[in-house]
Amino acid sequence: MAGPFSLAHPWRRGAWRALAVTLVISLVLGFIVVSRYQLHSEPLGLWAAICRGIGIRPDVQPASAPQPPLRTATLVAWTRGTLDQIAAGNAKDGLFVAQNCTACHGEGGVSTQELIPTLAGMDPAVIYKQLADYRSGKRLSPVMNAIGEALSVKNSADVASYYAGRPGGLPPVIGLRVPEGGRSLQQSNPAIRLVFAGDPARGIAPCSACHGPGGYKLSAPALQHQRTTYIESELLAFAQGMRQNDISEQMRTVARQLTPEEMHAVAVYYNAMGAE
Amino acid sequence: MYHSSRLALFHCWVAFGLFAPAVVLGFWQMLMRSPLPAPLDDPFAYYASVTLHGTVMAYVLTTFFIMGFGYAVAATSLGRPIRGMTAAWIGFAICLLGTVIAAVTVLSGRASVLYTFYPPLLASIWYYAGVFLLVGGSMIWVALMIINMIAWKRDNPGEPVPLAMFAITATALLWAWSASGVVIELLGVILPAAFGWTTQIDAGLARTLFSVTLHSIVYFWLMPAYIAYYTLAPQAAGGRLYSDLMGRLTFIMLLIFAVPVGVHHLFADPQIGGGFKYVQGFYTFLVALPTLLTVFSITASLEIAGRVRGGRGLLGWIGALPWKEPMVLAIGLSLVMLGLGGFGGFINMSFAMNSMIHNTAWVTAHFHLIFAGAAVIMYFAIAYEMWPRITGKPLRSKTLACWQLWLWFWGMLITTIPWHIAGLMGQPRRVAAFDYNIPFVARTAALVDISVIGGLILLSSAILLIIVLVRSHVGERTVIVPLRYALAVNPPARVPAALNGFAVWNSILLVLMLVVYGYPIAQFLLVLKPHSAAVYDVTRQPASVNGGP
């Protein structure tokens, strides 16, 4: 018996030949012929076409065209390092830091003031990012900018970890929810509709896809039981461009399209949802 | 059928037992997307439902049915007991355990990632564990099919392996090749993230690895249909197989052209170079060869049967065929759906035309027509053919069985033709609900309503299937003619070694895979890694951030 690579047998010879022929034809067509042509410019040269077919650029030099000045929404990027930094937060150390927060954010991070958010139970990544944005001036608040500058990176991770573990505030974000009827686009209540189904005509994704219940997106806080006026005022700030620290502009895009009545309705709905 | 009959029966009961509720889910999903009112209209429930529907239909129904079919084919076509019965039962238990774990996880809302589980969506670790057990357990079946074929060849030197056994071994090999992609993806990319060992995931690498599985798995699902075309249908029609050689070539080509083509699912993915997309698209087109070969030889086989039964003239033999036999009826209906779906497939696999229909309802329509239509209707026919022989209890009524097949056929057409059109009009797939107040969306409303009618017909057909099988099961036991495979017009006394085994074809496939997938996968590890934009955030972190240390 000859091995599979042996060409002694006519069937084997034919099979390997067919493989070679089809490979050559498809490689030439794919990497040389098809890759040459571009929609609105001259065909590429042979080498450039092959590189394009592979998915790399023939020139390894960076483009020399002038670049616009860099504008970023935040200095936080969700890299492995950032997430490890947050995960390393120590709740016990955070307790000391948090003593400075109680006056405004309430005992244990449960706010009693309408304009100030509840922190208890908030995702640690959210607290960490907001503190970083206050520190770098990417989110504006005279009080919080000063506090952010006073806190080290480790302080923010610690206090984030502390508040994340406090009970009685926002529900934990675990991406779970019991299905319930009446939450599709056919829902007539605008708040429920926006929260659970969004508004495709305006390109508005459902709030719950990122803020829960049910959905979770890194850096999006849970909103159930959050203070009504706080939610409403932040939506307004996003809509007016006063707040610009959402990395992909998703909140500015959504909030710009909401009417003041819708902002109010959504805020009231989210606040009440936690109280159920 | 020796001791394998109970094994095959258990596999089939799991397959069809879960198939029926999954059809109900599918119908509810159609209601959800339509302008009509749906119970429990919650988008989150929709995605959980799509995940379960897809997981059951794509992984559970198919894997269990094909394993059961494979055991039955191995026992009957070789005419001797299966080797490794204990291992087969262990494999069954592992697969069942995996299915239960995955299904419970999806139902609990922790795994709404759809059956393709594309990162950066991340499900509970239990879902992946369940899928992993199901796929892993089925590898025992793969090994047993290969072992049984090799053992038979050793005991019968020089004899041609029966076509049915040759084909089911090709199916097993195809599944092994196919599953390699998803298994490497699970072990290398997804499980580390699901366990919380890493907070980031390379979505491009995961998608590329999954694409190895994603297309070949469809051919794995189609294989039983092709096996029935070649080995069961000519016999059921009362004729002979036109050519044994064409059958062997078909199964070899299906094996080879199924795997090195998956990148045509990634035509819109930026990480893969256009050249590789073109080459894989090129090989995708070559599947036309085994398909046309099959259409030719099956039509010829049926013509032989029709003429034996007294059909005259150019087309008179068609009317003379026994259309009241479920197997014959199913093959006719299946070929119609395969033809329609196949033409749609040419659009999908075309490098440029794909962008017209990418991620639209067209795609959903296409794979429902090909898989749920052409393949699954043959599963029904195979069940009707094999069930009585396994249990010794005949179908109470072949008319009812034929009704079931007709309903499935019309239901599938009425469902998928409007979907195709809606897709061309731009309706996206995998969207929970549409706002039909928007004029652009409103244009598709009537089409979606019509497809719901198709869904209702499919649902009634699925219920009828269970009724037919249960009625047979509780019926009287009678003596039944054992399962026989179609003889070829010229039964082969000897076949070339290359057409009696898979060594050369596996080698060719390996070379092909290295050429067309080597760089597209290696680039993620070698070239893109340091400055890759394709490393996505994990959107749900179970332990690393939320829980804290």
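**Getting to know a predicted two-chain model**

Me: Where is Ser219(A) found?
Reply: This is a predicted model, in which local features need pLDDT of at least 70, side-chain atom pairs count only at pLDDT 80 or more, and totals for chains, interfaces and linings use all residues. Residues are numbered from 1 along each chain as its sequence is written, chains are lettered from A and ligands numbered from 1 in the order in which they are written, and side-chain values use heavy atoms, leaving out hydrogens and water. Helices here are DSSP runs (H or I, at least four residues; strands are E, at least two) numbered from the N terminus. Ser219(A) sits in the loop between helix 10 and helix 11 of chain A.

Me: What is phi of Ser219(A) near?
Reply: Ser219(A) isn't a glycine, yet its phi is positive. The value is near 85°.

Me: Which residue does a cis peptide bond join to Pro213(A)?
Reply: Pro213(A) lies in the loop between helix 10 (208-211) and helix 11 of chain A. Omega is about 0° for this bond, and the partner is Gly212(A).

Me: Which residue forms a salt bridge with Glu234(A)?
Reply: A salt bridge here means a side-chain nitrogen of Lys or Arg within 4 Å of a carboxyl oxygen of Asp or Glu. For Glu234(A), the closest N and O atoms are 3.1 Å apart, and the partner is Arg139(A).

Me: How many residues apart in sequence are the parts this pair ties together?
Reply: Glu234(A) is in helix 11 (residues 228-240) of chain A. Arg139(A) is in the loop between helix 6 (124-136) and helix 7 (142-150) of chain A, so the parts tied together are apart in sequence by 95 residues.

Me: How much area do chain B and chain A bury between them?
Reply: Contact means heavy atoms within 4.5 Å, and 56 residues of chain B are in contact with 60 residues of chain A. Buried area is the accessible area (1.4 Å probe) that two parts lose on being put together, summed over both. Carbon and sulfur atoms carry 66% of it, and the total is about 4,400 Å².
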